[in-house]
Amino acid sequence: MFTMLRDVDTIDIQVLVDNEIDPISKSQSPAVVDATSFRLTELPRGSRGPAAMEMRMDNICCGAHGLSLMITAASGETKHTLLFDAGPEEDVFERNVKRSRTDLSGVEHVHLSHWHRDHSGGIPRAVRLINAARKEENPLGQPTVDVHPDRPIYRGFNAGPFIASLEADPTFEEIESAGGNVVKNDQSHTVLDGMFMVSGEVPRKTEYEVGFPRGMRFTGKGEWVPDELIKDERFVVCKLREKGLVVFAGCSHPGIVNICRHALELGGGAPLYAVIGGFHLADGDAAKLESSINGLKALTPQILMPGHCTGWRFKFKIEQEMAGSLVPCFSGTKYTLNADGMQEGQNLLKDLKSFQSKDK
Ligand SMILES: [Fe+2]
């Protein structure tokens with residue numbers, strides 16, 4: 001049983017769902033983050049002269065409002081895979097798994113960042129697909145689905161003249177009947193041989209990160225009550241050898257700076273290296289964006305991979321004020337972080353090699 005985070009050598013992040021796609025832009029930092037988007041399809045030999053591969057439009061993943069990351073951490077011969085959220089819709093999750101040709105058979109642990117449908121909606125199908133992908137010889141049992149115990153009946157927000165409700169999150173029973181072992185936990189804990197740490201509730205320290213303004217929850221007794229803090233949001237953190245902490249945030253309702261500061265408290269003295277996921281600044285005012293970028297700068301991360309609810313204004317601000325650190329997180333793209341650095345395009349080369357070996 002590991003109580004501390006263990007060093008890993010590589011972290012692969014297959015983005016299965018994000019709001020945005022961009023299969024063309026290259027990684028700005030190829031020496032530290034490899035990014036691969038296109039999946040090529042082999043052409044029958046000689047069918048189009050010497051062309052060997054086809055770039056098909058139906059191999060490009062779709063964007064959707066939400067987040068889902070398949071994260072594989074490796075240390076020597078040991079490798080573990082965690083699914084971080086499953087996006088808003090079951091069909092989107094399945095479509096992007098197929099289009100990105102993602103093998104889900106190794107997913108042991110499913111982490112739900114918080115009870116909001118744009119993160120939880122795909123979970124039942126994800127669990128079914130993971131179980132279906134298990135091979136006979138694969139000794140892995142049903143995946144664990146790690147959730148915060150406080151699941152609201154409904155969440156929503158006060159839109160002024162009316163309350164807007166979100167769809168319900170999947171219930172514990174729905175997740176169990178899909179084949180997931182539900183584990184409820186509101187405390188920080190390590191999982192998968194200490195390669196990942198799941199946080200507990202995040203201490204709210206900054207004065208400018210105030211949760212989800214006008215957020216509400218349905219009590220089941222016919223009334224809606226304020227629920228602005230979204231206390232159930234939990235993040236995941238890994239420790240990349242020689243580099244530092246790699247933080248995965250779902251929607252950052254506790255605030256991206258509060259999340260990173262708490263990750264440093266949990267990380268046993270390692271520096272902050274990379275921050276990936278939703279920073280929830282799309283609806284922030286100029287003062288909040290300014291405070292957030294200053295808060296991040298003070299923590300000196302080397303790589304920022306904002307996606308989902310971050311918003312284009314904050315991505316632009318990162319590019320302006322923290323030049324060289326921005327690697328936007330796009331649906332369908334696979335990113336690799338390597339403790340020893342890497343060569344540009346090494347994942348694409350790996351793909352091509354696997355086609356060539358199949359061809360022999
Ligand atoms: Fe979200």
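At what angle do the axes of helix 6 (residues 286-299) and helix 7 cross, and within what distance do they come? In this predicted model, local features require pLDDT of at least 70 and side-chain atom pairs pLDDT 80 or more, whereas totals for chains, interfaces and linings use all residues. Residues are numbered from 1 along each chain as its sequence is written, and side-chain values use heavy atoms, with hydrogens and water left out.

The two axes come within 11 Å and cross at roughly 45 degrees; axes are lines fitted to C-alpha atoms, for helices over the stretch in contact, with angles from 0 to 180 degrees between N-to-C directions. Helix 6 and helix 7 are therefore oblique to each other, a class left after roughly parallel (under 35 degrees), roughly antiparallel (over 145) and roughly perpendicular (65 to 115) are set aside.

The iron ion is coordinated at 2.1 to 2.3 Å by Asp 118 (OD), His 119 (NE2), Cys 251 (SG) and His 308 (NE2), donors being N, O and S atoms within 2.8 Å of the metal (3.2 Å for Na, K and Ca); water is not among the atoms, so sites may look incomplete. The spacing of these donor residues in sequence is D-H-x131-C-x56-H. His 119 lies in helix 2 (residues 117-120) and His 308 in the loop between strand 21 (303-307) and helix 7 (312-321), 189 residues apart. Helices (H or I, at least four residues) and strands (E, at least two) are DSSP runs, numbered from the N terminus. Both His 119 and His 308 are buried, that is, under 20% relative accessible area with a 1.4 Å probe and protein chains only.

How values were computed: Buried means under 20% relative accessible area, exposed over 50%, partly exposed in between (1.4 Å probe, protein chains only).
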